[in-house]
Amino acid sequence: MKYTDYLRWGALSALFLALFVPFIVATGNFWPNLFFPYITGKNFAFRILVEFALLCYVLLALREPKYRPRASHIMWAVIAFAAWMAVATVFSVDPIKSFWSNFERMEGYVSLLHLFAWFVVAGAVLSAARLWDTFINTSIFASAVQGGWAVSQFLGWLSISSQSGARSDTTFGNATYIAVYLLINLFLTLYMLARLSRAESRGNKATLQVLYGAALVLQAAGLLFTETRGAILGLGIGLVAAALYLMFFERGKESRVLRHIAIGAVAFVVVFAGLMYAVRDTAFVKEVPALRRLASISLTETTVVSRLQYIWPMAFKGALERPVMGWGQENFSFVFNKNYQPGMYNQEQWFDRAHNQFLDWLIAGGIPAFLLYIALYVLAALAVLRAGALSHAERAAFFGLLAGYAFNNMFVFDNLISAVYFFALLAYLHSLSSRQTPSLALSKPLGDQALAVAAPVLLVAMLLGGWALNAPGLARASALVNAIQTQEAGRNSSGVVVAVSKDPKKNLAEFKVALGAVAWPGNPLGLQETTEQFLQYASGLGGSSTIDPQTKLDIFNEARGAIDSLLLSRPGDARLELFAATFLSQFGQTAPAIEHLQKALEYSPKKQQIQIQMGMTLIQAGNAQDGVKYLKDAYEAAVGNSSALTFYAAGLYYAGQTSAADALLVERFGTTVVDDVQLMQAYTNLKLYDRLILVWKLRVKESPDDVQKHLGLASVYFAACRLPDVYTELAAIAKIQPAAAAEMQNLRKQIETGAIKCGR
């Protein structure tokens with residue numbers, strides 16, 4: 001084989017292997033154990049494959065002009081989109097995050113660059129090699145496996161993720177992500193079915209029809225069991241779009257059956273939608289999870305309200321503030337925090353997406369990016385319409401795919417896999433419309449000698465670039481997993497391997513590694529999550545009396561240095577300021593905590609979570625009167641917020657306004673006996689034992705045979721020095737659990753002899 005054959009097969013192998021990236025879950029075993037394993041593993045694998053494919057492709061294109069990219073309207077639009085987002089990244093609110101993103105999303109401009117490279121390489125190599133059908137068939141096979149996996153997960157046979165609850169999410173870890181993946185592949189399967197009309201061999205055609213039919217069943221069933229309403233509705237919209245195209249454009253007697261199928265598809269979707277609405281309140285619908293979620297769609301449903309009433313108006317308002325350059329990728333959180341409305345108290349508290357891909361690009365890159373993104377759909381549709389090589393049935397499948405995908409993206413945002421497929425679709429349609437156009441580069445091949453000089457230069461550049469983009473993030477994601485573990489393998493007195501508590505000094509050392517450069521040359525990817533996780537770990541040790549004081553001080557100093565450093569590079573982030581304040585308050589550092597909270601309120605003035613933290617921190621600092629004011633503001637901003645109410649009531653107790661607190665509780669709950677963690681903490685700190693006793697009695701009444709509830713009530717009686725009541729509860733415990741009778745008797749003797757004293 002010539003070296004160009006090796007380059008060709010290298011690029012093709014990377015492209016085809018990318019179709020199996022959805023199966024990667026980085027939890028150890030075959031893959032590294034990484035933070036956010038459902039996200040990071042897939043993204044790093046895809047990036048490395050694309051970089052390898054790009055290296056092979058560039059060398060191949062230099063030597064073989066037929067592999068060089070050709071002009072098309074889609075090509076120019078993708079180039080313009082990538083170029084504009086480069087400008088938007090430079091001028092974004094937070095350029096670092098806009099470029100690198102974080103572990104939770106792994107997007108940012110670096111991801112867009114890889115998608116652009118994926119588009120170019122796939123469009124050139126697969127087209128020149130005439131392997132698009134094989135590529136699509138490989139994708140259909142992978143998606144059928146995923147669909148079968150989703151069905152088995154629904155049946156309780158095979159599940160590795162519980163992140164989406166009862167909804168099937170397979171190796172995606174998110175039901176919404178696999179839903180759009182199955183949606184896209186379902187229409188690709190319909191496209192390949194349409195292509196079978198050209199098959200020469202009837203036997204081969206029949207076999208493929210059966211295989212495609214089986215794939216459709218698995219994809220549709222898997223999609224249904226994800227219970228993702230946007231994708232399921234997108235399937236309906238796509239089928240209607242495909243059917244309408246066939247009804248209007250497929251003419252001739254020989255197409256009568258196909259038109260009848262199209263009419264039947266439209267009728268089925270319409271009847272199904274009407275039937276779902278009619279029986280939405282029946283027991284059958286309520287007992288089937290997927291149908292129950294579909295039937296629950298209404299203008300008053302929580303997620304619908306969050307989008308229509310809050311998130312999307314926020315996005316438009318933010319876009320008007322920066323209409324040209326936008327805010328940069330990954331920066332919707334700034335818009336959200338600034339325009340947060342208290343009525344969102346029962347929603348997700350830290351939205352980082354507009355939950356509409358079109359609006360996300362409007363925020364990220366302003367009106368130019370928004371228009372260019374829409375242009376990609378329009379040009380894709382035009383390419384389908386003008387592709388003389390496609391039959392009407394094939395075009396209908398693509399129109400259905402574009403319509404279903406666009407509808408889905410009106411309610412969610414892209415993830416890596418859906419974006420990969422979108423750019424692959426653009427690459428395919430680009431190849432259909434660019435076959436007769438000239439190459440964007442010179443058509444003269446590069447000589448062997450020149451290539452021998454270029455190859456090592458490109459190899460070194462690609463290796464260094466790939467290492468710099470991936471190695472530090474990979475190392476940090478792995479180091480962070482180790483750092484957050486509070487247990488490790490050890491041996492008991494019998495020599496048996498068991499889980500033992502990890503020495504905090506070891507955690508500290510591991511967090512230092514994760515916060516550092518990790519691997520040359522270092523990059524900031526994942527630094528935010530590492531810092532946040534470190535602060536959470538450190539906060540958990542703030543009230544501990546068992547840890548060595550010097551170790552606790554070292555952990556505090558290191559964590560504070562980490563958040564201070566992050567805030568210097570990421571100013572204006574209300575969430576980070578709140579993290580810093582919460583961490584500091586856990587260590588009694590109320591003055592600097594208040595300073596951070598003041599900044600947080602400056603960035604997000606209506607955020608109740610920040611107001612409540614400010615109120616409780618002021619109370620902690622001994623300023624209960626001012627603290628109550630913040631708690632009152634948080635409550636009155638949305639009186640339906642029960643959590644804000646109990647915080648406000650707790651603040652009133654701290655401020656000595658017992659009557660006002662009681663009245664507040666009675667007005668909402670009809671009683672002052674409210675089992676709430678904040679109220680219980682306030683009662684404990686203020687030694688309001690009568691209130692504590694009433695709540696614990698309520699708990700015992702609800703679970704009379706629960707030993708822990710009786711023990712909790714006994715401990716409160718003991719704190720209040722009501723010893724006869726303590727003995728009564730100890731006796732009750734002994735009766736419920738005879739095996740503990742001796743222990744309860746011994747505890748009573750210690751109390752009677754004064755070995756342990758009440759009221760302490």
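A crossing is left-handed if the near helix is turned anticlockwise from the far one by less than a right angle.

**Ground rules**

I am working from a predicted model, with local features taken at pLDDT of at least 70, side-chain atom pairs only at pLDDT 80 or more, and totals for chains, interfaces and linings over all residues. Numbering starts from 1 along each chain as its sequence is written, and side-chain values use heavy atoms, with hydrogens and water left out. My H and S labels are DSSP runs counted from the N terminus (helices: H or I, at least four residues; strands: E, at least two).

**H29 and H30**

I started with helix H29, residues 689-702, against helix H30, residues 707-719: the packing angle is about 165° and the axes lie 9 Å apart. (Axes are fitted to C-alpha atoms, over the stretch in contact; angles run from 0 to 180 degrees between N-to-C directions.) So H29 is roughly antiparallel to H30 (over 145 degrees; under 35 is roughly parallel). I have the crossing of H29 and H30 down as left-handed.

Next I looked up who touches whom (contact: heavy atoms within 4.5 Å). H29 brings Tyr689, Leu692, Ile693, Trp696, Lys697, Arg699 and Val700, and these meet Gln708, Lys709, His710, Gly712, Leu713, Val716, Tyr717 and Ala719 of H30. Sorted by class, I get nine nonpolar, three polar and three charged residues for H29 with H30. (Nonpolar is Ala, Val, Leu, Ile, Met, Phe, Trp, Tyr, Cys and Pro; charged is Asp, Glu, Lys and Arg; the others, Gly among them, are polar.)

**H21 and H22**

From H21 I noted Phe556, Ala559, Arg560, Ile563, Leu566 and Leu567; from H22, the contact takes Leu576, Glu577, Ala580, Phe583 and Leu584. My class tally for H21 with H22 reads nine nonpolar, no polar and two charged residues.

**H7 and H17**

On to helix H7 (residues 175-195) and helix H17 (residues 416-433), which pack at about 30° with axes 9 Å apart. H7 and H17 are therefore roughly parallel to each other, and H7 goes past H17 in a left-handed crossing. On the H7 side I listed Val180, Tyr181, Ile184, Asn185, Leu188, Tyr191 and Arg195, which meet Ile417, Ser418, Tyr421 and Tyr428 in H17. By class, H7 with H17 gives eight nonpolar, two polar and one charged residues.

I also ran the aromatic search, and the whole structure has 40 pairs. (Ring centres of Phe, Tyr or Trp's six-membered ring within 6.5 Å; planes over 60 degrees apart are edge-to-face.) Tyr191 and Tyr428 make an edge-to-face pair, 6.1 Å centre to centre with 70° between the planes. This pair links distant parts of the chain, with Tyr191 in H7 and Tyr428 in H17, 237 residues apart.

Gln487 has Ser501 as its bridge partner in S2. Five residues sit between the strands of this hairpin, and there Gly495 takes a positive phi near 85°.

Which peptide bond did I note as cis? The one from Trp520 to Pro521, with omega near 0°. I find Pro521 in the loop between helix H19 (504-515) and helix H20 (527-541).

Last, Thr170: phi is near 40°, positive in a residue other than glycine. Thr170 lies in the loop between helix H6 (132-154) and H7.

Conventions:
Angles under 35 degrees count as roughly parallel, over 145 as roughly antiparallel, 65 to 115 as roughly perpendicular and the rest as oblique. Two strands pair if DSSP finds at least two bridges between them. Rings of Phe, Tyr and Trp (its six-membered ring) pair if their centres lie within 6.5 Å; planes under 30 degrees apart count as stacked, over 60 as edge-to-face and the rest as tilted.
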